[in-house]
Amino acid sequence: MFQSLSDRLSGVLDKLTRRGSLTDSDVSEAMREVRRALLEADVALEVVRDFTEKVKAKAIGQNVVKSVTPGQMVVKIVHDELVAMLGAEAQPIDLAAQPPVAILMVGLQGSGKTTTTAKIAHRLTTRDKKKVLMASLDTRRPAAQEQLRVLGEQTSIDTLPIVAGQTPQQIAKRALEAARLAAYDVVLLDTAGRIHIDEALMRETVDVRDIAQPHETLLVADSLTGQDAVKLATSFNERVGITGIVLTRVDGDGRGGAALSMRAVTGKPIKLIGVGEKWDALEDFHPQRIAGRILGMGDVVSLVEKAAQTVDIEKAQAIAEKMRKGAFDLEDLADQLKQMEKIGGMSGMLGMLPGIGKIKKQLDGANLDDKILKRQRAIISSMTPKERRSPKILDGKRKRRIASGSGTKPEDVNKLLKMHRQMADMMKTMGKRGGLMQRMMGGGAAPSQADMERMQAELGRLDPKALEALPKDLKEHLPKGLPGLGGGMPKLPGLPGLGGGAPRFPGLPGLPGKKK
Amino acid sequence: MSDKPEKRGGFFGAFRRAAMPAAPAPDPGESPAAAAVQAPEAAAATVAEPAGDKKQGWFQRLKAGLTKTSARLSQDIAGIFTKRKLDADTLEELEDLLIQADLGVDTAMRITAALAKGRHDKEITPEEVRAVLASEVERALAPVARPLRIEGDHRPHVVLVVGVNGTGKTTTIGKIAHQLRREGKTVLLAAGDTFRAAAIDQLKIWGERTGAEVVARAVGADSAGLAFDALTLARDKRCDVLLIDTAGRLQNKQALMDELEKVLRVLRKVDPSAPHQVLLVLDATTGQNALNQVEVFKDKAGVTGLVMTKLDGTARGGILVAISAKFGLPVHAIGVGEGIEDLSAFDAREFARAIALG
């Protein structure tokens, strides 16, 4: 989600940042394009209007036009407004109440209520160690209650036994009683899908709400929803009173405008997002990170978190040390490639890096997939330890042997070597530079939450030239067969040194050429 | 890896070629009125007008659903045009209004451009604006309003129903089965959604309601295998129509789309001409992503026609205008409620009028 919105917006804002000075009409022009980008992403019209007006009001002021980097100021204003629109803080599900805590799930037909109910139950059970009961109040759709029962079986979560012929109100009562008697911590009430203008059904929901007194009432909504999102969210909020929103199908290729709209018109936080068909494919919604992703600023905090979970910090530091001394050998490169795969491969990682979003398509076109990483590791594995330590000894004969050993061609071996050389050079240069990298590595341990938030904030203020530099270098390199994304990296202050895993990010660079 | 793309292209190519004959030949010249007249005598799967004493006709319900929202749209238009001349600002606002109905930016621009032609800076009444709006929307939709028809002498006539999760595939199958049964056809339903919990039970209940037999396997079974069995059985039993349900899938999930291709491949092993129709079910609340859905499902599953559901809410389904302009796929029916009768033939004129005239 958000990818194509990100493409559009960063394109528009790029034009601005390239300018030395900005007139009011430049800003207005840019806002028209921002407006269109948001509309194409299904953000509701009234929300778009409100957004562009706010940005314009702030951007046209004297401060921006006279500041040294006006374009950058506008980008920052857009970013800040996006964050304001999405809500600044992540707000998880609140269970701070007398158990059994009732959670009521409402939404249109087919928005994913039942699946989401099971996912939340699964999460509360496994992660928060809560005792959860699920009950389906959907007496309308054929086999809906059966569906929840089966999901309960699959996830080993208790469901309220089905009693045929009961009304939703009766089921709600029964569920709460059962939850009290058996000392459940949480009781999840899954309701029938309903159209928000169906008065009878909305009244039924209100009845159920009055019976259950839910601590949370979650609106489950499809992230692919169009302009109707506003009416839908408003009606449910006014009629039933929701406490939060769960967005589903965020793993689709929608542009996620509904997320912005619903949060903006209801003021209710998006608490969770559904990102896949598996039980654990439910994530907290972090507005700040999403805003960064939308603007193509990357989601460095998520990247670092992921890295911190998966990367061997001691090893990373050892490599960093080697790098600074200029002794970065192929063995180290192989380690890095391995770690990159762990973090989620090229595409997963690139998606979170600033400025990469908009060139992602080009990268896709260049056959940049994780098979390349594997192949590169295969090439290195086919070398003798001696060759790995000193690649200089590789002559044509050795290269041919390595190529046939790894199922590649001598050209591929050459490309890998070239990439390694470039990286080693670059890293030497970088090692001499100060900045965030040094700070991060100096600490030794994994970065603290505060460090990460600070970095994200720094990214928000990032020199736009640096943001530009990366794609530009990339573009230059791509036709030649993608050797070093590396060229641009040093210009990204701070980024390289993330999480003590410094070497990994510069390691991003080299990928062999396009293979056809 | 190097030759894989070519292979795939070749495969899809073959796929499309094979799919072509099954697709109904587009006939833009055919007027909706003609289609409506033809429908009953051609033993079509369209809805017969329900008897007057039945609760509320589908048209009333559709119109009730659409007018709730179009009333606001037309109010807004009136608000703009009684006050001002037709200048650039006014046009931009009209464009916004169309965007708000999910028509999409390009379609909205096309329609406002048509509106502006020859009328620039002239006084224009709200009625005129609505008339132009209605005729533009109708113009885009008229060629695609073609009721679902079970044509040809394929026995069984195989209809595969596909779409994203939660759009209403199973419910739509139930409604179609009901109409076919009422026409006296023998219908077999295949519970191809072997993934979602209780989807099979859901279809079985529809089977009971409509008197159609249901072929099902255990949850988690291979849906292509099930499709094979269902088609074999339908052929042995000389059923008129086989309706195959599939699991909902997001169009950007490669593995799931591959699975769908496998279903098609396997069907063709039994009957090379199958499936005779592939219906994509679209949710009216979906925004611009519906375009992607049509594009990918058309490419991978050879979609031959569309059904739009959930038009009884406030969503206007304006994306259909953009979809028709881009793909020209027939829109067979619309879903206007959860009841067994709540499936109507798609009528471009009424749809456009309901949007533009309120």
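Which are the buried residues of H6(B)? To find out, select residues 126–141 of chain B in this predicted model. Helix H6 has 16 residues there and spans 22 Å from its first C-alpha to its last, close to the 22 Å expected at 1.5 Å a residue. Now colour its buried positions: Pro126(B), Val129(B), Arg130(B), Val132(B), Leu133(B), Ala134(B), Glu136(B), Val137(B), Ala140(B) and Leu141(B).

Next stop, the sheet. Show the eight strands of chain B in the order E3-E2-E4-E1-E5-E6-E7-E8; they form an open sheet with mixed pairing. At the edges you will find E3 (213–215) and E8 (343–345) of chain B, each pairing on one side only. From one strand to the next, the twist averages 25°.

Zoom in on E5 (277–283) and E6 (305–309) of chain B, which pair in the parallel sense over five bridges. Pick Leu280(B) and look across to Leu306(B), its bridge partner in E6(B).

Finish by selecting Met257(B), which sits in helix H10 of chain B. Met257(B) counts as buried because its relative accessibility is 0%. Beyond its neighbours within four places in sequence, Met257(B) contacts Arg249(B), Leu250(B), Gln251(B), Val296(B), Phe297(B) and Lys300(B).

Methods: Residues numbered from 1 in each chain as written. Chains lettered and ligands numbered in written order. Predicted model: local features only at pLDDT ≥ 70, side-chain atom pairs only at ≥ 80, totals over all residues. Heavy atoms only, no water. Helix = DSSP H or I, 4+ residues; strand = E, 2+ residues; numbered from the N terminus. Expected span 1.5 Å × (residues − 1). Buried < 20%, exposed > 50% of the residue type's maximum accessible area, 1.4 Å probe, protein only. Pairing = 2+ DSSP bridges. Axes fitted to C-alpha atoms, helices over the stretch in contact; angles between N-to-C directions. Contact = heavy atoms within 4.5 Å.
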